[in-house]
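Student: I would like to learn how to read the features of a structure like this one. Please take them one at a time, with the general idea before the case.

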Amino acid sequence: EGGGDGGVAYDAESSSVIRLSNGMVLYLREVNNYLALVCLLRGDNLQKRGLIDYNIDCFKQALSQVFNVPRPSIARQEG
């Protein structure tokens, strides 16, 4: 009986950290409904998680600007 989230177990800030046996870390973050960012980091760099999250948020904003650029219509190109 979760709160009124429609059964969704994640949100825009969902992430996952997987520590590998070689000391590296896989850090996964959702970018949008169709895309996730996978980072391979040295374990000691995960201490800078705030900076990593800030850079990912900047990347997400830039990516949304790229995909929200209006395409010129064919009618305008022919004229």
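Tutor: We can begin with disulfides: a disulfide is a pair of cysteine sulfur atoms within 2.5 Å. By that rule, the count here is zero disulfides. This is a predicted model, in which local features need pLDDT of at least 70, side-chain atom pairs count only at pLDDT 80 or more, and totals for chains, interfaces and linings use all residues. Residues are numbered from 1 along each chain as its sequence is written, and side-chain values use heavy atoms, with hydrogens and water left out.

Student: Are Cys 39 and Cys 58 buried or partly exposed?

Tutor: Buried means under 20% relative accessible area, exposed means over 50%, and partly exposed lies in between (1.4 Å probe, protein chains only). Cys 39 counts as buried because its relative accessibility is 15%. Cys 58 is at 33%, so it counts as partly exposed. Over the chain, buried residues make up 15% of the 79 residues.

Student: How many helices and strands are in the chain, and in what order do the elements run?

Tutor: Helices (H or I, at least four residues) and strands (E, at least two) are DSSP runs, numbered from the N terminus. The chain has two helices and three strands. Read from the N terminus, the order is β-β-β-α-α.

Student: Which residues form the largest nonpolar core?

Tutor: In soluble globular proteins, nonpolar side chains tend to be buried together. A nonpolar core is a set of buried Ala, Val, Leu, Ile, Met, Phe, Trp, Tyr and Cys residues joined through side-chain atoms within 4.5 Å. In this model the largest one has seven residues: Val 25, Tyr 27, Cys 39, Leu 41, Leu 46, Ile 52 and Ile 56. Strand 2 (24-32), strand 3 (35-42) and helix 1 (49-67) are the elements that each give two or more residues to this core.

Student: What does Val 25 touch, leaving aside its neighbours within four places in sequence?

Tutor: Contact means heavy atoms within 4.5 Å. Val 25 is found in strand 2, and it is buried, with a relative accessible area of 1%. Apart from those sequence neighbours, Val 25 is in contact with Val 17, Ile 18, Arg 19, Cys 39, Leu 40, Leu 41, Gly 43 and Leu 46. The C-alpha atoms of Val 25 and Cys 39 are separated by 7.9 Å, although the two residues are 14 apart along the chain.

Student: How many salt bridges does the structure hold?

Tutor: Side chains of opposite charge can pair when their charged atoms come close. A salt bridge is a side-chain nitrogen of Lys or Arg within 4 Å of a carboxyl oxygen of Asp or Glu. The structure holds three of them. In one, Asp 53 pairs with Arg 29, the closest N and O atoms being 3.0 Å apart. Asp 53 lies in helix 1 and Arg 29 in strand 2, so this pair ties together parts that are 24 residues apart in sequence.

Asp 57 also meets Arg 29 in a salt bridge, at 3.0 Å from N to O. Asp 57 lies in helix 1 too, so its pair with Arg 29 in strand 2 ties together parts that are 28 residues apart in sequence. Arg 29 is buried, at 2% relative accessible area, whereas Asp 57 is partly exposed, at 28%. Another salt bridge joins Arg 42 and Asp 44, with the closest N and O atoms 3.7 Å apart.

Student: Which residues make the nonpolar surface patch of about 250 Å²?

Tutor: Patches are made of residues with over 30% relative accessible area and no salt bridge; like charges are joined within 9 Å, and nonpolar side chains (Val, Leu, Ile, Met, Phe, Trp, Tyr) within 5 Å. Accessible areas come from the Shrake-Rupley method with a 1.4 Å probe, and for residues only the protein chains shown count as cover. Here the patch is made by Ile 18, Leu 20 and Leu 40. Leu 20 is found in the loop between strand 1 (15-19) and strand 2, and it counts as partly exposed because its relative accessibility is 33%.
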